[in-house]
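Dear colleague,

I am handing over the structure below, together with notes on what was found in it. Please read the notes alongside the coordinates.

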Amino acid sequence: MIWNYYQGKILFITGGTGFIGTTVLYRLLTQASPKHIYVLCRGGYERARAKWENILPASVANTLSGSNRMTILDGELGDTATMDLPEETLQMLKERVHIIIHAAASIELKNSLRELSYTVIAPTLCLTKYALKFPNLEKFVFLSSAYVNAHLWKSSKSCDVAVEERLYSLEGDDDSCQTAPEVWREVQASGTSDEYTTHDFPWPYAYAKHLAERLVLNKASERDALDKILIIRPSVIGPAEEFPYHGFTTPYSSPSTACAAAYAMHPGRKIQLATRCENPEREATIDEVPVDVVAERILVHVALGTSGYVHAVSGEKGRLRLEEWWEAFKKERRLPWNVKPVWTSEDWHSADLHPIARNFKIIGTSFAFSEDKTIQAAEKIDSKELEHLKLFAKRDQPYSMAHRRHHINHVARQMAKKSRWPLCSVGWLTRKGKSSVRFTEKV
Ligand SMILES: NC(=O)c1ccc[n+]([C@@H]2O[C@H](COP(=O)([O-])OP(=O)(O)OC[C@H]3O[C@@H](n4cnc5c(N)ncnc54)[C@H](OP(=O)(O)O)[C@@H]3O)[C@@H](O)[C@H]2O)c1
């Protein structure tokens, strides 16, 4: 039994108040019986509670903040392993923890590589070094991204790029993990690296995760602990299908929600996008994966002892054709005319593209992310138990954004504020949604 594995286990989770972290914690606390969970949160218990109350209905928020099996540690990840925690807490974690789930990171796609060095790469490396000293460590899970390999779009000619659950070396050698420390020194010194400038990643974020993955594996390999590393690569995360409840989402962590808000707020009739597909509406795809599928894959693979890379994606069966995604946007727009995509063969970084495309870049591409490791994992699980696990996206209903109207509306308000538009314009441009949460501003 998957959940039995967690009985008596002690976990340490970073990013526990974020989109994935919250879902993982909910699942753990409602399905399994871990001995204890320590959660790192900037601002400690009061802030964690405020964040959960802001994004979850009261009953779900109380399940988390009222749990006596969980302790919130007031700390912050940075470029040292201390996380602003007292020495005795660090020592206690080292002695007690069996599983670390590292889900904290900045998810700002546009941040520079130098900024991401501080917010993604250095904290991950420091935490890995610390974790590998834990005598009882069974698994260190690093939340990466399926788009660490998005540079393959440019180096391939296909309109549907197959991506396996493995490392794609940037240097043509077999072990680019070995060179990672040297590349990392280069990034620290200059804010960039030769391999980064040679390969065309959509965002510095994708490369930062690529390098962070290799640094984690390099450290583990030095300690002969590769079997303790699980790298989870989610695609574009979207609302939950089932837990904590259908439609659970946080507006700032769901890229499609931001795109739908930008679409609704676009006053024109055309949006310029880039592609090399001949028939992009049908050939280009978006792999949006429900957050509960991501959480379940993390917990199931940890329980089964999987190591290495695992995609947390909707995959070839569950991904969306661009036209389905676009149709869902149309239904959220109040202006009486629709926006037509105008496709060009320009580069995905081109300044001529609409801001939706300039930010999200992967609109107009298609990646077929392999899910073999999860298919194999599912085969090891008893069929009765499997029925209650959410390892795959369902997609039995037409794709719709109706249940995230409240969030689209909220993101649109932030966009209006930034562009100095009157806030009443949001009411004219987006649909009003009902929400079971009293979600207001960023906490
Ligand atoms: N969302 C996606 O579409 C997506 C897709 C692929 C991969 N991922 C990856 O999955 C992981 C989790 O993403 P998410 O969507 O859950 O993000 P999220 O909702 O933005 O949550 C991020 C969490 O990390 C915490 N955090 C950030 N920097 C921190 C620091 N320096 N010290 C301590 N805590 C810090 C945040 O805490 P505060 O409340 O203090 O800010 C928050 O709890 C990230 O590694 C992300 O790159 C996300």
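**Helix packing, backbone and ligand shell**

The axes of α10 (255-265) and helix α18 (residues 405-418) come within 8 Å of each other and cross at roughly 65 degrees, where axes are lines fitted to C-alpha atoms, for helices over the stretch in contact, and angles run from 0 to 180 degrees between N-to-C directions. The contact is made by Thr257, Ala258, Ala260, Ala261, Ala262, Ala264 and Met265 on the α10 side, and by His407, Ile408, Val411, Ala412 and Met415 on the α18 side, two residues being in contact if their C-beta atoms, placed from the backbone, lie within 7 Å. The residues of this contact divide into 10 nonpolar, two polar and no charged, with Ala, Val, Leu, Ile, Met, Phe, Trp, Tyr, Cys and Pro counted as nonpolar, Asp, Glu, Lys and Arg as charged, and the others, Gly among them, as polar.

Please bear in mind that this is a predicted model, in which local features need pLDDT of at least 70 and side-chain atom pairs count only at pLDDT 80 or more, while totals for chains, interfaces and linings use all residues. Residues are numbered from 1 along each chain as its sequence is written, and helices (H or I, at least four residues) and strands (E, at least two) are DSSP runs, numbered from the N terminus.

Some backbone details deserve a look. The peptide bond from Phe243 to Pro244 is cis, with omega near 0 degrees, and Pro244 is found in the loop between β8 and α10. Asp84, in the loop between β3 (70-74) and α4 (87-96), has a positive phi of about 60 degrees although it is not a glycine. Lys361, in the loop between α15 (355-360) and β15 (367-369), also is not a glycine and has a positive phi, near 55 degrees. Asp84 counts as partly exposed, because it has 14 C-beta neighbours inside 10 Å, whereas Lys361 is buried, with 22 other C-beta atoms within 10 Å; the cut-offs are 20 or more for buried, 12 or fewer for exposed, and partly exposed in between, with C-beta atoms placed from the backbone.

Finally, of the 26 residues around the ligand, Gly15, Gly18, Ala104, Ala105 and Ile237 come nearest, a residue being near a molecule if its C-beta atom, placed from the backbone, lies within 6 Å of it. The elements that give two or more residues to this shell are α1 (19-31) and β8 (236-238), and α1 provides the largest share, three residues. By class, the shell has 14 nonpolar, nine polar and three charged residues.

Best regards
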